[in-house]
Amino acid sequence: MLLLPTLAGCGSFLGVGTEAGAGIAGAGIASAVTDNATVATGIGLGVSAGARAGLQYLQRRVHRDAQNAVAEAAGALRPGAVGHWSVTHSVPVEPDERGQVVVTREIGNASFACREVVFSVDTAEDGAPRRAFYTAMICRDGTRWRWASAEPATERWGSLQ
């Protein structure tokens, strides 16, 4: 956990680091508990699975925070207006994100209001600005706008849905 801030943005390193840390922790626990190889293997696999699940939970939380930031920014816009969104992650599993968002159309009525949005994610790659575009649906839930798109396995989110 102490290495999380240094690994933000390095998803593959973070995954490998989590597995390596879990392996070391599992070996330590197993050697303190048993001399039985089968039990030690079970402990190691359990610690590894727990660490992987914890990392995936953090990544889903980071993605949810970004989705909420896009939905909030788009909810305040009139169709065709361009707004800005940004998110500062409380857990530095991935770098903070920012971009622009535009409402392209409204769907539904006053009691079932949804919007289609196009948003960018602005990053820098080797010092050069890079902008990627995505589409999504948001819907009003009481007074808040929330992400309503189903999450397919996309390049942006990977296999985390």
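A nonpolar core, as used in these legends, is a set of buried Ala, Val, Leu, Ile, Met, Phe, Trp, Tyr and Cys residues joined through side-chain atoms within 4.5 Å. Buried means under 20% relative accessible area, exposed over 50%, and partly exposed in between (1.4 Å probe, protein chains only).

The model is predicted: local features need pLDDT of at least 70, side-chain atom pairs count only at pLDDT 80 or more, and totals for chains, interfaces and linings use all residues. Residues are numbered from 1 along each chain as its sequence is written, and side-chain values use heavy atoms, with hydrogens and water left out.

**View 1. The whole chain, element by element.**
Three helices and five strands make up the element list here, where helices (H or I, at least four residues) and strands (E, at least two) are DSSP runs numbered from the N terminus. Read from the N terminus, the order is α-α-α-β-β-β-β-β. The chain has 161 residues, and 33% of them count as buried. Take the contacts (heavy atoms within 4.5 Å) between residues at least 6 apart in sequence: 44% of these join residues at least 24 apart.

**View 2. The largest nonpolar core.**
Start with Val70, Ala74, Trp85, Val101, Val117, Phe119 and Ile138: these have the most contacts inside the largest nonpolar core, which has 20 residues. Two or more core residues come from each of helix H3 (37–75) and strands E1 (82–87), E2 (97–109), E3 (112–125), E4 (128–141) and E5 (144–147). H3 gives the largest share, six residues. Another core lies apart from this one, with five residues, including Leu55, Leu58, Val62 and Val91. As general background, nonpolar side chains tend to be buried together in soluble globular proteins.

**View 3. The five-stranded sheet.**
The sheet is open, its strands run in the order E1-E2-E3-E4-E5, and the pairing is antiparallel; two strands pair if DSSP finds at least two bridges between them. E1 and E5 are the edge strands, each pairing on one side only. On average, and with direction ignored, neighbouring strands are turned by 40 degrees against each other; the axes behind that angle are lines fitted to C-alpha atoms, for helices over the stretch in contact, and angles run from 0 to 180 degrees between N-to-C directions.

**View 4. Strand E1 and its two faces.**
Gly83, Trp85 and Val87 sit on the covered face of E1, while Val82, His84 and Ser86 sit on the uncovered one. Six bridges join E1 to E2, and Val87 has Glu97 in E2 as its bridge partner.

**View 5. His89 in the E1–E2 loop.**
Follow the chain into the loop between E1 and E2 to find His89. At a relative accessible area of 8%, His89 is buried. Its side chain reaches the backbone oxygen of Pro95 at 3.3 Å. Neighbours within four places in sequence aside, His89 is in contact with Val62, Asp65, Glu94, Pro95, Asp96 and Glu97.

The link is right-handed, with 100 degrees about the S-S bond. Cys114 belongs to strand E3 and Cys139 to strand E4, 25 residues apart, so the pair links distant parts of the chain. Cys114 counts as buried, at 7% relative accessibility.

Asp126 is in the loop between E3 and E4, and its phi is near 55 degrees, a positive value in a residue other than glycine. For comparison, most residues other than glycine have a negative phi. Asp126 counts as exposed, at 81% relative accessibility. In the hairpin of E4 and E5, two residues lie between the strands, and Gly142 takes a positive phi near 70 degrees. Four bridges join E4 to E5, and Asp141 has Arg144 in E5 as its bridge partner.

Ala150 lies in the segment after E5 and counts as exposed, at 68% relative accessibility. Ala150 and Ala136 are 14 residues apart in sequence and 8.7 Å apart in space, C-alpha to C-alpha.

Note on methods: Polar contact = N/O pair within 3.5 Å; in protein donor to acceptor, adjacent residues only side chain to side chain. Disulfide = S-S within 2.5 Å.
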